[in-house]
Amino acid sequence: DSRVHFAAIPAQVIERYVASGEPFGKAGAYAIQSGIAAWVERIEGSYSGIMGLPLFETAQLLKQAGVRF
């Protein structure tokens with residue numbers, strides 16, 4: 001379970017962001033590594049999970065399954 005907390009984003013910034021086309025095709029309508037990240041106040045949970053594949057959690061599952069890497 002991960003949560004991303006954004007600061008208040010002015011309406012004109014949101015309008016420019018939407019007009020750029022960047023939020024389309026993304027889960028949650030943003031990419032944590034994109035320009036909108038300048039408005040992220042804090043993250044709770046797994047950063048890699050927010051980016052896509054939760055690497056730490058995946059590594060733990062692989063270890064439990066006996067996979068050596």
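Gly66 sits in the segment after helix 3, where helices (H or I, at least four residues) and strands (E, at least two) are DSSP runs numbered from the N terminus. This is a predicted model, in which local features need pLDDT of at least 70 and side-chain atom pairs count only at pLDDT 80 or more, while totals for chains, interfaces and linings use all residues. Residues are numbered from 1 along each chain as its sequence is written, and side-chain values use heavy atoms, with hydrogens and water left out.

With a relative accessibility of 56%, Gly66 counts as exposed, given that buried means under 20% relative accessible area, exposed over 50%, and partly exposed in between (1.4 Å probe, protein chains only). The phi of Gly66, which follows helix 3, is positive, near 85 degrees. Helix 3 itself spans residues 55–64, and because one of its ten residues is buried, the helix lies largely in the open.

Phe24 is found in the loop between helix 1 (11–19) and strand 2 (40–44), and its C-alpha lies 39 Å from that of Gly66, at 42 residues apart in sequence.

Phe24 counts as exposed, with a relative accessibility of 55%, and together with Ile14 and Val18 it makes a nonpolar surface patch of about 280 Å². Patches of this kind are made of residues with over 30% relative accessible area and no salt bridge, like charges being joined within 9 Å and nonpolar side chains (Val, Leu, Ile, Met, Phe, Trp, Tyr) within 5 Å. The accessible areas come from the Shrake-Rupley method with a 1.4 Å probe, and for residues only the protein chains shown count as cover.

From the surface we turn to the interior. The largest nonpolar core has six residues, namely Tyr17, Tyr30, Ile32, Ile36, Val40 and Ile50, a core being a set of buried Ala, Val, Leu, Ile, Met, Phe, Trp, Tyr and Cys residues joined through side-chain atoms within 4.5 Å. Within this set, Tyr30 is buried, with a relative accessible area of 19%. Val40, once its neighbours within four places in sequence are left aside, is in contact (heavy atoms within 4.5 Å) with Val4, His5, Phe6 and Ile32.

A pair of aromatic rings is described by the distance of the centres and the angle of the planes. The structure holds one aromatic pair, formed by Phe6 and Tyr30 in an edge-to-face arrangement, with 5.2 Å from centre to centre and 85 degrees between the planes. The pair links distant parts of the chain, since Phe6 belongs to strand 1 (residues 3–6) and Tyr30 to the loop between helix 1 and strand 2, 24 residues apart. By the rule applied, rings of Phe, Tyr and Trp (its six-membered ring) pair if their centres lie within 6.5 Å, and planes under 30 degrees apart count as stacked, over 60 as edge-to-face and the rest as tilted.

Phe6 counts as partly exposed at 31% relative accessibility, and, not counting residues up to four places away in sequence, Phe6 touches Tyr30, Ile36, Trp39, Val40 and Glu41. Glu41, found in strand 2, is exposed with a relative accessible area of 55%, and under the same exclusion of residues up to four places away Glu41 touches His5, Phe6 and Ala7. The C-alpha atoms of Glu41 and Ala7 are separated by 5.6 Å, although 34 residues apart along the chain.

The C-alpha atoms of Phe6 and Glu44 are 12 Å apart, at 38 residues along the chain. Side chains of opposite charge can pair when their charged atoms come close. The count here comes to one salt bridge, which requires a side-chain nitrogen of Lys or Arg within 4 Å of a carboxyl oxygen of Asp or Glu. In that salt bridge the side chains of Glu44 and Arg42 meet at 3.4 Å, N to O. Glu44 is partly exposed at 35% relative accessibility, and Arg42 is partly exposed with a relative accessible area of 42%.
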